[in-house]
Amino acid sequence: MTEIPESFSLAEALQAADQTRCLEIGAGVIGAAPRVFRQQFGQRPAIIVADLNTFPAAGQAVAEAFRAAGHPMLEPFLFRVPDLHAEHSHVEELESVLRPHSAIAVAVGSGTINDMTKLASHRLERPYLCVATAASMDGYTAYGASITFEGSKQTFFCPAPAAVVADLDVIRAAPGLMNSWGYADLLAKVPAGADWMLADALGLDPIDRRAWAMVQSRLRDFVADPAGIRDRSPATTSRLIEGLMLGGFAMQASKSTRVASGAEHLFSHLWDMQHHTHNGAAPSHGFKVGIGTLASTALHERLLASPLEQLDVEACCAAWPSLDAWLARAREWLGAGNLLGVATREFSAKYPTAAQLREQLLRIKAHWPDLRERLRAQLLPLDALRRMLREAGAPVDPEEIGIDRRRLRQAFWQASLIRNRFVVLDLAVRTGSLDACMDHIFGPDGLWPIRE
Ligand SMILES: [Zn+2]
């Protein structure tokens, strides 16, 4: 068995990744884009893909660098839609632009441009280069693209970019709160790690130690200076992008999002599937995940306060509803549309029979004293998380992203149904304690009191 390092540098993570071969991070590295391109793709022509914001922010400088290097380059392709989203129709448009020639795309942008270029290039069997313009999410170095198709956001499997160039000067100048979005997406890996510990303890999803080390070993350090995110501190922004890239490499290496995504992401996915908007636009992925991080941690804290070592396993099993009863509840909570179809597929796949439930709960009961200590060591306290998110400029109350508290309370149940992945929500559901936990979280002394 090969030794797994306790922590990973970016260079080591890059070695472990099998799709991305080069990552350049630093102030002013945008000028290195033509060299990186040539190393990967030789003399093949390049075509910049950008939008009306990212072209002036960085695309222009990339184009000038290619011209100065004398590298063949086609006319840049710009998405001219003012409020660009990762829609499948745009991917098809990009494919039709790329198809007539053999140029390699240089995606200049953040999540939207990168994901659309990733999928379009993959469908044309071409690699691509990514020039990151914001530390807004962890998807640059991840495999897979998140694209809205037939009205719902879906993950399309496609390889990560062959190379990524992340110029810290460009990223520090990213518009508005984009880097705060990325900060919240990075902070989410704290409760996501705790969720993985639970699934591992139940034998449902064993921890991949290499992917774990990439994401978790230096996470505390990466999130330690939230005010520096808002103030665009060079050192803090550098740590943020490093943490996000490591998350992407871990997903690339493990071919799963488990390492970077737990219950907190389910809240965000739920609101995506419900097409939630606030003030006319969908809140950012990071800010939805930030509220999910607080919600997930609040639930973890309630369970940590519960004496699960004394759990009445037989009573839990006797009260466990049949799958049909669960699916009837799902219809009541999610309506009869697309979401019900998702829940029927995903929840049925993770539904334990009473015998399986008994085995899981006996395991939790036996391991709880030790597991509780490990979870405590993994999690950050709720008040610290709130302060950190606030200092980074991120929302800490659901109303700030247009979700009222009653809707958030309902989201705990809804989110537990939409993905075949064991997270803290499932522990609360299977131990029959979710409602009691929420009575506290939304009660007078809880995180988000609901006033009558
Ligand atoms: Zn995320």
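Student: Which residue does Asp138 form a salt bridge with, and how far apart are the closest N and O atoms?

Tutor: The partner of Asp138 is Lys189, and the closest N and O atoms are 2.7 Å apart. A salt bridge here is a side-chain nitrogen of Lys or Arg within 4 Å of a carboxyl oxygen of Asp or Glu. This is a predicted model, in which local features need pLDDT of at least 70 and side-chain atom pairs count only at pLDDT 80 or more, while totals for chains, interfaces and linings use all residues. Residues are numbered from 1 along each chain as its sequence is written, and side-chain values use heavy atoms, with hydrogens and water left out.

Student: How is the protein divided into domains?

Tutor: Domain 1 covers 10–175, and domain 2 covers 180–207 + 261–441; these bounds come from an automatic or database domain assignment. The C-alpha centres of domain 1 and domain 2 lie 33 Å apart.

Student: How many residues of each domain are in contact with the other?

Tutor: In domain 1, 8 residues are in contact with 8 residues of domain 2, where contact means heavy atoms within 4.5 Å.

Student: What area do domain 1 and domain 2 bury between them?

Tutor: The two domains bury about 650 Å², with 49% of it on carbon and sulfur atoms. Buried area is the accessible area (1.4 Å probe) that two parts lose on being put together, summed over both. On the domain 1 side, Ser136, Asp138 and Lys153 supply 53% of the area buried against domain 2, more than any other three residues.

Student: And how many salt bridges and polar contacts are there between domain 1 and domain 2?

Tutor: Between domain 1 and domain 2 there is 1 salt bridge, and 4 residue pairs are in polar contact, both residues being at pLDDT 80 or more. A polar contact is a pair of N or O atoms within 3.5 Å; within protein, one must be able to donate a hydrogen and the other to accept it, and residues adjacent in sequence count only if both atoms are side-chain atoms.

Student: Changing topic: what is the salt-bridge count by this rule?

Tutor: The count comes to 22 salt bridges. One of them joins the side chains of Lys255 and Asp18 at 3.2 Å, N to O.

Student: Why does that pair tie together parts apart in sequence?

Tutor: Lys255 lies in the loop between helix H12 (234–254) and helix H13 (263–273), and Asp18 in the loop between helix H1 (10–16) and strand S1 (22–26), so the pair ties together parts that are 237 residues apart in sequence. Helices (H or I, at least four residues) and strands (E, at least two) are DSSP runs, numbered from the N terminus.

Student: Is Asp18 buried or exposed?

Tutor: Asp18 is exposed, at 54% relative accessible area, and Lys255 is partly exposed, at 37%. Buried means under 20% relative accessible area, exposed over 50%, and partly exposed in between (1.4 Å probe, protein chains only).

Student: Where do Asp435 and Arg409 lie?

Tutor: Asp435 is in helix H22 (residues 434–441) and Arg409 in helix H20 (residues 405–415). Their side chains meet in a salt bridge of 3.8 Å, N to O. Asp435 is partly exposed at 38% relative accessibility, as is Arg409 at 22%.

Student: Last one: how many residues of helix H7 are buried?

Tutor: In H7 (residues 178–187), 9 of the 10 residues are buried, so the helix is largely enclosed by the rest of the structure. Among the buried residues are Tyr183, Asp185 and Leu187.
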